[in-house]
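Please look over the sequence and the structure shown here, with attention to the aromatic side chains and one of the helices. The report that follows takes these topics in turn.

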Amino acid sequence: MVLTDFSVNSGAVFTEAIGSDRLDLLTDYPFTRLANLLAPISPRANVSPMVLTVGEPQHTPPAILEETLRATASGWNKYPPVGGTPEFRAAVGDWLTRRYDLPAGLLHADSSVLPLSGTREALFMLALLAVPTRKAGRQPAVLMPNPFYAPYEGAAVMAGAEPVFLSATRETGFLPDLDALTPELLERTALFYLCTPANPQGAAATPAYLAKAIGLARQYGFVLAVDECYAEIWLDAPPVGALQVAASLPHADGKPWANLLVFHSLSKRSSAAGLRSGFVAGDPALIGRFSRLRSYGCAGMPLPVLAASTALWRDEAHVEENRAAYRAKFAAAEAELGGRYGYYRPAGGFFLWLEVGDGEEAAKRLWAEGAVRVLPGAYLSRNNPGEPNPGDAFIRVALVQDTDTVAQACASIVRILG
């Protein structure tokens, strides 16, 4: 806790608490770091900026979104329930069953689905739910891939856990090596964040990989949180899901999702980042506790947003159009990059993870010489003793602009970086 002493005219001295010392353990958020890095640099005046940093889709949202919001506008003056509406939960349950070929009736949406105002706040809040004061008599550990989505680290630190960064490199298939986890670490693990398809590398976990992760969660008694927010942006085949794998594993009657939560969002699937709509699904016991926690700390999703979200989860046509647009952008990027910088065709997501030698220097050069704004990989990763930082040599390029802009930006990368 940071304390400040100050005096007033009466001569009295007061001490005011102004923050948590845990917050001081975190670096600035990646995009704050990027803004500070590039602030002194002015790109050439005759070049239009090409912003490929934030994973914010620039596609036009489907018309059904605006139509439903307008049709349900009377709901804006009502406080919404934390658990959402039966229609929303049913739409999500039906979608999960269709998308992941779940046995009919296995997923009970009313007890296994909770709406979220986007997944970032819930992924962060999950640590407050999952991390105890002590585990196996020691400080709890929260596992996460390295590179990682920044809220995973923030959640672990603010919950009082030790964040453990599991290198996810080309050698490990861009996913953490589960076989390298020791019993000593697993015994004190409270939560494991896993992203598939991975941000930023786009790797998708196999059924065998997910089965092993689920088995470890149940054996060692921790929560496996599978962030599947990029699952609907795929190029060749739909990635397998954690619920899908869990359904095929032996389980106690009525507990196919034990220790497991999955997170999905409309931000990428429906190009609706501003709607702030997602859901968490899985273990009913965890969903119930999550709902209780959110009752204290979060507002429910507004009723018009719930209605629009329900309509979007029931519509697949706009998702197929969205996916086709990303395929065109990857084709344009591949044509310009020509296999340079370790380019590979990712299984999912909309990022390029390009090896450029020094990510920060590359980001500065691209901004200065071509007005191309990308994110240094080091801002998404951490150092582990005795290991190279898995992000230092990389930049992340988000293919969120139109195809022509993507092609132009990739051509500029080749021209500037060589």
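Predicted model: local features only at pLDDT ≥ 70, side-chain atom pairs only at ≥ 80, totals over all residues.

The structure holds 15 aromatic pairs. In one of them the ring centres of Tyr 149 and Tyr 152 lie 5.6 Å apart with the planes at 85 degrees, so this pair is edge-to-face.

## A pair between two loops

The rings of Tyr 230 and Phe 350 also form an edge-to-face pair, because their planes stand at 85 degrees, with the centres 5.5 Å apart. Tyr 230 belongs to the loop between strand 8 (223–227) and helix 9 (242–248), and Phe 350 to the loop between helix 13 (317–337) and strand 11 (351–355), so the contact ties together parts that are 120 residues apart in sequence. Both Tyr 230 and Phe 350 are buried.

Helix 3 (residues 86–99) has 14 residues and spans 20 Å from its first C-alpha to its last, close to the 20 Å expected at 1.5 Å a residue. Its buried residues include Phe 88, Val 92, Trp 95 and Arg 99. Just after helix 3, Asp 101 adopts a positive phi of about 50 degrees.

Trp 95 is also part of a cluster, in which ring pairs link it with Tyr 100, Phe 279 and Trp 313.

## A charge over a ring

Elsewhere, the charged end of Arg 373 sits over the ring of Trp 367, at 4.7 Å from the centre of that ring.

How values were computed: Residues numbered from 1 in each chain as written. Heavy atoms only, no water. Phe/Tyr/Trp six-rings, centres within 6.5 Å; stacked < 30°, edge-to-face > 60°. Helix = DSSP H or I, 4+ residues; strand = E, 2+ residues; numbered from the N terminus. Buried < 20%, exposed > 50% of the residue type's maximum accessible area, 1.4 Å probe, protein only. Lys NZ or Arg CZ within 6 Å of the ring centre and 35° of its normal. Expected span 1.5 Å × (residues − 1).
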